[in-house]
Amino acid sequence: MSESSTSSLERMLGVLDLFDDTHLTRTAEDIAAQLDVSLPTSYRYVRLLLQAGLLQRVEDSHYALGPRIILLDHYIRKADPVLKVGLPIIRELVAATGFDCVVTGLFGLQVLDTYREMGGAPATLAYGRGRPRPLFQGGAPKVLLSTFGPAQLKKVFESRHDELVQAGLPPDWSEFRRHFAAIRKAGHYVSKGELEPQLAAVAAPILKSDGGAWAAISLVFDTSRLAIVDLDKVVRLITEAATRIGGRLA
C-alpha cells in the first residue's frame, strides 16, 4: 500500500473518532471541516463507511456509528483474555459480597470499563462499557497507573499535568511518583466518592509477569455502606481474585 493510500485510509478511519457523547451524529460537512478534507472526499469516506456498516444514515443527512460496531463488540468480548479466564472468579466475588464487580482496561491513556457483573443491589453508574473515564479519578485508573514504570509514569505526569492537578494529585513529580509507588506497594486502592460522590470502590490490578497490568477489577458499592462494610475483608477478596485471574492468564 502506498504512503498516500495509507494516509487516506487513516483519515477515513479518523471519521469514527469524531463521534462522542456530545457529537452522536455528524454531517458530511462536519466531517470535511473536522478532518480538513474536501466535501467530495468527505462524501467518499461516508459512502465507504456506510457500505462497511461502520456508519449509518439516521436523519436529515446526519450519520451515526453503524451496526457493525455492535457485532465487533461482541467479538471483542468473546476474545477478551481477562473475561475468558476471569468470569467464574468475578462471579464468585459478586456472590460473596453482593457488590457490583467492574473490569477496567487502559488502552493507551484511555480508561474504559469492559465488563460489569451486577450484585444484589446494582449501583447506578454514570460510566459503563465503552464510555471513557477520567484518567486520575477512581480506584481502577489509579491501580492501573501504579503499574507503570518510572519513565512511562513521567510521560503521563508531563503530558497531563493540568488534569492531574485538577484531580487533586501532587503537582510535584517526586510526590506524584511516591503516591503511585504507595498504591503499587499496597496492591489495591480504595476510592471514596472520587468519581461519583455516592459510590465507593475497592480496586486491584490484574498483573502481568512483566509487572504491567492486564486490567483492573473493582468492587463498587454505595458510600453509605462504608460504615458497616468490613473493608479489610473486601480488600483481601479483591486482591485474591485479581491474583487468581492473573495466575490463570500467566
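Visitor: What links Asp73, Arg77 and Arg129?

Guide: Salt bridges do, and the three residues form a network of them. The term asks for a side-chain nitrogen of Lys or Arg within 4 Å of a carboxyl oxygen of Asp or Glu. Keep in mind that this is a predicted model.

Visitor: How many salt bridges does a search of the whole structure find?

Guide: Twelve.

Visitor: What makes Arg244 and Glu92 a salt bridge?

Guide: Their closest N and O atoms are 3.0 Å apart. The limit is 4 Å, so the pair qualifies.

Visitor: Which parts of the chain does that pair link?

Guide: Distant ones. Arg244 sits in helix H10, residues 231-249. Glu92 belongs to helix H5, residues 81-97.

Visitor: Why is Arg244 called partly exposed?

Guide: Its relative accessibility is 38%. Buried needs under 20% and exposed needs over 50%, so Arg244 falls in between. Glu92, at 43%, is partly exposed by the same test.

Visitor: How do you know that Lys154 and Glu158 form a salt bridge?

Guide: The closest N and O atoms are 3.7 Å apart. That is within 4 Å, so the pair counts.

Visitor: Where do Lys154 and Glu158 lie?

Guide: Both are in helix H7, residues 150-159. They are four residues apart, about one turn of the helix.

Visitor: Is Glu158 buried or exposed?

Guide: Exposed, at 53% relative accessibility. The cut-off is over 50%, so Glu158 passes.

Visitor: What makes the contact of Glu163 and Arg160 a salt bridge?

Guide: The N to O distance is 2.7 Å. With a limit of 4 Å, the pair therefore counts. Glu163 is partly exposed, at 29%. Arg160 is partly exposed too, at 24%.

Visitor: Which side chain of opposite charge is nearest to Glu196?

Guide: Arg133, at 7.1 Å. A salt bridge needs a nitrogen and an oxygen within 4 Å. Glu196 has no salt bridge, yet Glu196 is buried. Buried here stands for under 20% relative accessible area.

Visitor: What does Glu196 touch?

Guide: Thr124, Leu125, Ala126 and Tyr127, leaving aside residues up to four places away in sequence. Touching here rests on heavy atoms within 4.5 Å. Glu196 itself is in the loop between strand E6 (189-192) and strand E7 (199-207).

Visitor: How do you know that E2 and E3 pair?

Guide: Pairing takes at least two bridges, and strand E2 (residues 55-59) and strand E3 (residues 62-65) have four, so they pair. Their sense is antiparallel. Within the pairing, Leu55 faces Leu65 of E3.

Visitor: How many residues lie between E2 and E3 in their hairpin?

Guide: Two. One turn residue, Asp60, has a positive phi of about 45°.

Visitor: What is the order of the strands in the open sheet?

Guide: E1-E3-E2, with antiparallel pairing. E1 (26-27) and E2 are the edge strands, and each pairs on one side only. E1 and E3 are joined by two bridges. At least two are required, so this pair passes as well. Thr27 has His62 in E3 as its bridge partner.

Visitor: What makes strand E5 mostly covered?

Guide: Six of the eight residues in E5 (residues 110-117) are buried. Each of those is under 20% relative accessible area, so the word buried applies.

Visitor: How many bridges join E4 and E5?

Guide: Seven, in the antiparallel sense, and strand E4 covers residues 100-107. The requirement is at least two, so the strands pair. Cys101 has Glu117 in E5 as its bridge partner. The hairpin has two residues between the strands, and Gly108 takes a positive phi near 70°.

Visitor: What share of the chain is buried?

Guide: Buried residues make up 42% of the 250. The chain holds ten helices and eight strands. It exposes about 13500 Å², and carbon and sulfur atoms supply 53% of that area.

Visitor: How far apart are the mean positions of the positive and negative charges?

Guide: 7 Å, for 29 positive and 28 negative charges.

Key:
Residues are numbered from 1 along each chain as its sequence is written. This is a predicted model: local features need pLDDT of at least 70, side-chain atom pairs count only at pLDDT 80 or more; totals for chains, interfaces and linings use all residues. Side-chain values use heavy atoms; hydrogens and water are left out. Buried means under 20% relative accessible area, exposed over 50%, partly exposed in between (1.4 Å probe, protein chains only). Accessible areas come from the Shrake-Rupley method with a 1.4 Å probe; for residues, only the protein chains shown count as cover. Lys and Arg count as positive and Asp and Glu as negative; His and the chain ends are not counted. The place of a charge is taken as NZ of Lys, CZ of Arg, CG of Asp or CD of Glu.
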